[in-house]
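Visitor: I am new to this structure and would like to be shown around. Could we look at it together?

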Amino acid sequence: MKEYFTIGEVSKLFKVKIATLRYYDEIGLLRPEFIDEKNNYRYYSTQQFERLNSIKYLRALDLPISEIKDFFNYREIDTLVEMLKKQKDEVAKKKRELEIIETKILRRLLQIEDAVSTTLDKISEVKLPEMRVAYLRHEYVIGDDIELPITELRNSYGINEEIFLGKIGVSISVSNLSANNFDKYSSVFMVLEEGDQIAPSSVIIPERDYLRIRFKGTHMDAAAYYKKLLTHMKKYNYELIDDSIEITLIDYGITNDKNKYVTEILLPYTRT
């Protein structure tokens, strides 16, 4: 029966990269049984296979190399139990994070499907649940770049940009809407969702009724649709009660085809 194996053979047997085995040797985690002085080949004994299996198991649990080294240096049952308990907590934390990400992805898919299938240029009444919103800045004029302040806010409050997938929008104040001034926005905001860090500047928009219109285009095309909504409000005795909410549901972040862009305007109202 073969007793010694080269580093290449061990690499194939255990599906561990040669570079990884060399690294384990360098840090003293798994040294070869001996090194041939003639050709500098590393040889491992079968007695070391159990240790390598243990290392693979602990690495599969995502335990840091430093903790694995400590375990082998001071091998005790209590040490391993504490390591596994700690890692169990880490796994539970990651599981919760993945569940939040899954919820965000599902919500985003539903939003995209809804935007793609929506009827455009039609005014409708909708009731929306409360939203927690983080305001970014004021006096945004059409054409201003909003990407930098959005990125700064995400960084400031620990919102993971890679998995944010939330809604970014702008608002026009009641006073500007009443004055038919549609090129100056009073705020840029971010709708916060489950799992997002709650910003100190965030506010809760309560559940309420809105007049909604969706149209092909972006904020640059919104003025005509504000006029249409306000004309409808006046005709049917609606009262505007707060700033608008304007969100581009489909834009350059999703498609290169500008003809597929969809923007939504919401005007909160009460009936008089």
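This is a predicted model: local features need pLDDT of at least 70, side-chain atom pairs count only at pLDDT 80 or more; totals for chains, interfaces and linings use all residues.

Visitor: How many helices and strands does the chain have?

Guide: The secondary structure of the chain consists of eight helices and 14 strands.

Visitor: And how much of the chain counts as buried?

Guide: Of its 272 residues, 38% count as buried. The accessible surface amounts to about 16,600 Å², and carbon and sulfur atoms make up 50% of that.

Visitor: What share of the contacts joins residues 24 or more positions apart?

Guide: Among contacts with a separation of 6 or more, such residues account for 69%.

Visitor: Which residues have the most contacts inside the largest nonpolar core?

Guide: They are Leu177, Tyr185, Tyr226, Met233, Ile265 and Leu267, in a core of 26 residues. At least two residues of this core come from each of several elements, including strand S5 (131-137), strand S11 (208-216) and S14. Helix H8 gives the most, with five residues.

Visitor: Why would such residues gather at all?

Guide: In soluble globular proteins, nonpolar side chains tend to be buried together.

Visitor: Changing topic, which residues of helix H4 are buried?

Guide: In H4, which spans residues 65-73, the buried residues are Ile65, Glu67, Ile68, Phe71 and Phe72. They lie on the same side of H4, because they cover an arc of only 165° around the axis.

Visitor: What do they pack against?

Guide: The buried residues of H4 pack against helix H2 (18-27), helix H3 (49-60) and helix H5 (77-117).

Visitor: How many salt bridges are there?

Guide: The structure holds 10 salt bridges. Side chains of opposite charge can pair when their charged atoms come close.

Visitor: Which salt bridges involve aspartate 25?

Guide: Aspartate 25 meets arginine 31 in a salt bridge of 3.4 Å, N to O, and there is a salt bridge of 2.9 Å between aspartate 25 and arginine 42. The latter pair links distant parts of the chain, 17 residues apart: arginine 42 is in strand S3 (residues 42-45) and aspartate 25 in helix H2.

Visitor: Is aspartate 25 buried or exposed?

Guide: Aspartate 25 has a relative accessible area of 8%, so it counts as buried. Arginine 31, at 49% relative accessibility, is partly exposed.

Visitor: What does aspartate 62 pair with?

Guide: Aspartate 62 forms a salt bridge with lysine 94, with 2.7 Å between the closest N and O atoms. Because aspartate 62 lies in the loop between H3 and H4 and lysine 94 in helix H5, the pair ties together parts that are 32 residues apart in sequence.

Visitor: Where is glutamate 264?

Guide: Glutamate 264 is in strand S14 (residues 262-271). Its relative accessible area is 5%, so glutamate 264 is buried.

Visitor: What does its side chain join?

Guide: A polar contact of 2.9 Å connects the side chains of glutamate 264 and arginine 214. A network of salt bridges links Asp114, Arg212, Arg214 and Glu264.

Note on methods. Residues are numbered from 1 along each chain as its sequence is written. Side-chain values use heavy atoms; hydrogens and water are left out. Helices (H or I, at least four residues) and strands (E, at least two) are DSSP runs, numbered from the N terminus. Buried means under 20% relative accessible area, exposed over 50%, partly exposed in between (1.4 Å probe, protein chains only). A polar contact is a pair of N or O atoms within 3.5 Å; within protein, one must be able to donate a hydrogen and the other to accept it, and residues adjacent in sequence count only if both atoms are side-chain atoms. Contact means heavy atoms within 4.5 Å. Accessible areas come from the Shrake-Rupley method with a 1.4 Å probe; for residues, only the protein chains shown count as cover. The arc is that of the directions from the helix axis to the C-beta atoms. A salt bridge is a side-chain nitrogen of Lys or Arg within 4 Å of a carboxyl oxygen of Asp or Glu. A nonpolar core is a set of buried Ala, Val, Leu, Ile, Met, Phe, Trp, Tyr and Cys residues joined through side-chain atoms within 4.5 Å.
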